[in-house]
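Subject: Two-chain model for you to look over

Dear colleague,

I am handing over the structure below, with a summary of what was found in it. Please keep it open beside this message while you read.

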Amino acid sequence: MLLLKVLARLVELLLMAAIALIGLGVGLYCFSLLISLGSARPDRLLHLPVVRARVGHFLAQLAAPGPTATLAMLGGVAAVVVGLGLLAGVLGSRRERLLQVEDGVEGSGGLYARQRTISQMVRAETALALGVTAVKRPKVRLARSGRNGHVKVLAHRGADPDPGTVDSAVHDRVDPVLEPLGLRGEIRVRLEEPRAAKDAS
Amino acid sequence: MERPAHGEPSPRLVLAALVHDTALAVDGVVALDTGPGGLFVTAGGGERVPGVRCLAAPEGGYDVSLRLVCRLVPLPALAERVRAAVVTAATSAGLNAETVTITVADVVDEPA
């Protein structure tokens, strides 16, 4: 994401410079209609007739079916992908998503935790629960205010012990983590598929 | 506000370094984090203190912010310990940490 943002800023700068230059060219052209600018004709300065002579042939090939048209289509798709990446870089939020554990209104200062931190803590605690064989990375969703949210946990268990025992063991480990942080937990425990059954499916 | 003598580090930088060392000495804190782009630092006079920001508070003293990497421990209790240690250390050094804001940036699953 950081790379996309840097790329987006660079492209933004280059585009702004290009637009400014085009604006200057158009401005000069408009002036040339009223005042003679001598040899300072924008179309001549930008060598537009030469560009047309070089690109015109390629444009004609583009219009007709063939390898050039395929190449152009691939180029178009790549441009769309790059454009979407740049949009993500420009519009993506730069702020970290933080859970506000203490707001610090009494003047002592606040306490905040990153979403990823909460996810890591919950995962580590779940993995230690009795009967848990694997844990998917918990999904943490915070409210817009950042003051509360909920955490989805998916744990896998073996055939022993029974589901109720494992569920209760996971709650015993995870609830003390979530409650002081003001988060709600949504814990699901599934029976782990045997490897042979997983390979067959 | 105190002004540093010529060639001496500013009180802001002294406080940041003190806060950094104090926080690291608290049980449960593993490291300090410099944040996105490594910009969460206190810098001045060619020195950088990572993971700590000290800003002059409107009422005098400094608003201190830290980004911690800690072990799997209860966060509110850890924050309380860090805050108390920082305020005590600052006061001992003749500086005033007006507020101490803590962000838990990461946790590591390692034994104490």
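In which strand of chain B is B:V69 found? B:V69 is found in strand β5 (residues 62-71) of chain B, where helices (H or I, at least four residues) and strands (E, at least two) are DSSP runs numbered from the N terminus.

Before going further, please note that this is a predicted model, in which local features need pLDDT of at least 70, side-chain atom pairs count only at pLDDT 80 or more, and totals for chains, interfaces and linings use all residues. Residues are numbered from 1 along each chain as its sequence is written, while chains are lettered from A and ligands numbered from 1 in the order in which they are written.

On confidence, the predictor gives the complex an ipTM of 0.87 and a pTM of 0.68. The mean pLDDT (the predictor's confidence in each residue, from 0 to 100) of chain B is 89, and 92% of its residues reach 70 or more.

To return to B:V69, this residue has 16 C-beta neighbours inside 10 Å and therefore counts as partly exposed; a residue is buried if 20 or more other C-beta atoms lie within 10 Å of its own, exposed if 12 or fewer, and partly exposed in between, with C-beta atoms placed from the backbone. Leaving aside residues up to four places away in sequence, B:V69 touches B:V30, B:A31, B:L32, B:D33, B:A105, B:D106 and B:V108, a contact being two residues whose C-beta atoms, placed from the backbone, lie within 7 Å. B:V69 and B:A31 are 38 residues apart in sequence, yet their C-alpha atoms are 5.0 Å apart in space.

Chain B as a whole has two helices and six strands, which follow the pattern α-β-β-β-β-β-α-β along the sequence. Of its 112 residues, 36% count as buried. In helix α1 of chain B, the buried residues are B:P11, B:R12, B:L13, B:L15, B:A16, B:L18, B:V19, B:T22 and B:A23.

Chain A has seven helices and six strands, and buried residues make up 17% of its 201 residues. Of the 25 residues of helix α4 of chain A, the number buried is one, so this helix lies largely in the open.

Finally, the contact between the chains takes 18 residues from chain B and 20 residues from chain A. On the chain B side, α2 (75-92) and β6 (97-108) each supply at least two residues, and β6 gives the most, with nine residues. The chain B side divides into eleven nonpolar, four polar and three charged residues, where Ala, Val, Leu, Ile, Met, Phe, Trp, Tyr, Cys and Pro count as nonpolar, Asp, Glu, Lys and Arg as charged, and the others, Gly among them, as polar. Strand β2 (residues 111-114) of chain A pairs with β6 of chain B in the parallel sense over three bridges, pairing being called if DSSP finds at least two bridges between two strands. Within β6 of chain B, B:T103 is the bridge partner of A:Y112.

With best regards
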